[in-house]
Amino acid sequence: MDDPVTMVLDFPLSIAVVVPLLSFFLSFFSISGLIKIRADWVLDQPNERSLHLVPVSRIGGLGLLAGVIVSWLCFSVAIPDSVLMGIGLLMVISLADDVWRVPVWCRLMVHTAVATSFSIAFLSDTYGWGLVLFTAAAVIWMSNLYNFMDGSDGLAGGMTVIGFGTYGWLAYAAGNNDFAAVNFSLAAAALAFLIHNFYPARIFMGDVGSIPLGYLAAVIGMLGWLDHLWSLWVPVLIFSPFIADATVTLMKRVFQGKRIWQAHREHYYQRMVQSGLGHRNTALVAYGLMLATGASAVWANAQDVALQIRIVAVWGCVYLILMVISDRSQKTPPDRG
């Protein structure tokens, strides 16, 4: 007679359920432990550009990703070793930045090395160098924009739950349970983090969480495309709430001659918080937008590429309208840039 445990683990859905469950509990209790560390070197002190008023621990991403990686290793989930190495390098340099503040050039050098290594390893043999360079740039940008968008309670955690949850659903629907487990475990760990991070936040994600998660959003999007699970437009749709806000804000700062790497409060989500909506309502509005783009991505994945492009264009128009309304109705405090 078969061992009951073996029978459960052989069930096709099991890996897409058991791995995320383990990821959730490991992350939840790891983050709980990190909250208890109140040493000055892990606290994010409020300043004139912050949206919080009291010191809060800024290394929650360490517990989030630790739970994910341990769960992957326990069940030998098929994640490429090079991707795991990339996550590790980004976590190290990002944690160092959270604790000691690493120069921008040093951080970007590591981001570039990790992104370029991924692009060359997975694209150079089959695709031209144009796509390799474009992908490397996209991975670098996604890594950093995720960090830019991690500035309000519950926002980055919610995007991680919904974004990777959508990836997981698409992978599971396509019959790739292993890849579904990779993504569901990220969403589950982010849900555990969100319990601690939703307003009022007791811990922040920090660079150690946001940079690797941005990297994974781009990398997993490419891996799913290479495995024919979705088109390249699907990841763009899923993470478009973050991509649109960060990209437009950066472009505006460039045109205004401001230093793009300097902390500021000009993102649209930051302006929503300051307008009176507050952290909680801003997060809830953002979740609605994220769910809508995620649902449209799931639907679009079953359509032809031409229709997918039109859907992306429609969302682009929606974002443009919302931004114009925001620009006309809100006055952003002068930024010393």
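Helix α11 buries Ser240, Pro241, Phe242, Ala244, Asp245, Ala246, Thr249, Leu250 and Arg253, where buried means under 20% relative accessible area, exposed over 50% and partly exposed in between (1.4 Å probe, protein chains only). The model is predicted, so local features need pLDDT of at least 70 and side-chain atom pairs count only at pLDDT 80 or more, while totals for chains, interfaces and linings use all residues. Residues are numbered from 1 along each chain as its sequence is written, and side-chain values use heavy atoms, with hydrogens and water left out.

The buried residues of α11 pack against α6, α7 (155–173), α10 (233–238), α12 (268–300) and α13 (305–329); contact here means heavy atoms within 4.5 Å. Helices (H or I, at least four residues) and strands (E, at least two) are DSSP runs numbered from the N terminus. With 16 residues (240–255), α11 should span 22 Å at 1.5 Å a residue, and its end C-alpha atoms are 22 Å apart, which agrees; the expected span is 1.5 Å times one less than the number of residues. Just after α11, glycine 257 adopts a positive phi of about 75°.

Attention now turns to the annotated site. An unreviewed UniProt entry places the feature "binding site" at Asn147 and Asp207; UniProt positions follow the numbering used here, feature names are shortened, and annotations may be inferred rather than shown by experiment. Although these residues span 61 residues in sequence, no two of their C-alpha atoms are more than 6.3 Å apart, so they gather at one spot. Asparagine 147 belongs to helix α6 (residues 129–148) and counts as buried at 17% relative accessibility. Aspartate 207 lies in helix α9 (residues 207–226) and, at 11%, counts as buried. Leaving aside residues up to four places away in sequence, asparagine 147 touches Asp207, Ser210 and Ile211; on that basis aspartate 207 touches Ser94, Asp97, Asp98, Arg107, Asn147 and Pro212.
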